Amino acid sequence: MKCALRGLLGFALSLLRDVRTYKFVAIGVSTLVLAEGLMFVSVDLMGIDSFLSAVLITEVVLLINFLLNDRLVFGEEGRRGNPFLHRLFKYHVSRVLSIAVNLAVFFALNKLLLLNHLLAYFLAVVVAFGVNLLTSFVWVWRVRPVEGRE
């Protein structure tokens, strides 16, 4: 148990030293801003139900996020021997849990606790982020963090 925790902590620390982590975060923040804008337009301007909007926006942003990470973060190293459709499929599979968590948190905050839809969506995305980062490095693009990696 101690060895597994030590390994996980070491892995997490190596992520903090890898430049790709910060690129991944920057893309995540950018697509979160896009999602918030889409949420505002669809709910506040177009009158679409906030949960339906969250479902649709989540998929649109997921695809954009994948394409940006594939090109700008993991690049050739993540694509080598790892075909595009396999990466896209694994990306979606790895996001099933985080999407479920994202939407469940959004529903709980917005519909049950009556928190504003923009704040609820932001908090739901933040909750799902850690899983996204780990599965992206370990499974989808199959790269290891490297200290000071450019």
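Burial and ring pairs in a predicted model

Modeller: Phe137 has 0% relative accessibility and counts as buried. This is a predicted model, where local features need pLDDT of at least 70, side-chain atom pairs count only at pLDDT 80 or more, and totals for chains, interfaces and linings use all residues. Residues are numbered from 1 along each chain as its sequence is written, and side-chain values use heavy atoms, with hydrogens and water left out.

Biologist: Why does Phe137 count as buried?

Modeller: Buried means under 20% relative accessible area, exposed over 50%, partly exposed in between (1.4 Å probe, protein chains only). Phe137 is at 0%, so Phe137 is buried.

Biologist: Why is Phe84 called partly exposed?

Modeller: Its relative accessible area is 35%. That value falls between the two cut-offs, 20% and 50%.

Biologist: What makes the pair of Phe66 and Phe84 edge-to-face?

Modeller: Rings of Phe, Tyr and Trp (its six-membered ring) pair if their centres lie within 6.5 Å; planes under 30 degrees apart are stacked, over 60 edge-to-face, the rest tilted. Here the centres are 5.6 Å apart and the planes at 65°, so the pair is edge-to-face. Phe66 is in helix 3 and Phe84 in helix 5, 18 residues apart. Phe66 is buried, at 0%.

Biologist: Why is the pair of Phe74 and Phe137 edge-to-face?

Modeller: Their ring centres are 5.1 Å apart and the planes at 80°, so this pair is edge-to-face.

Biologist: How do you know that Lys90 lies over the face of Trp139?

Modeller: A charge sits over a ring if NZ of Lys or CZ of Arg is within 6 Å of the ring centre and within 35 degrees of the ring normal. Lys90 is at 5.8 Å from the ring centre of Trp139.

Terms used:
Helices (H or I, at least four residues) and strands (E, at least two) are DSSP runs, numbered from the N terminus.
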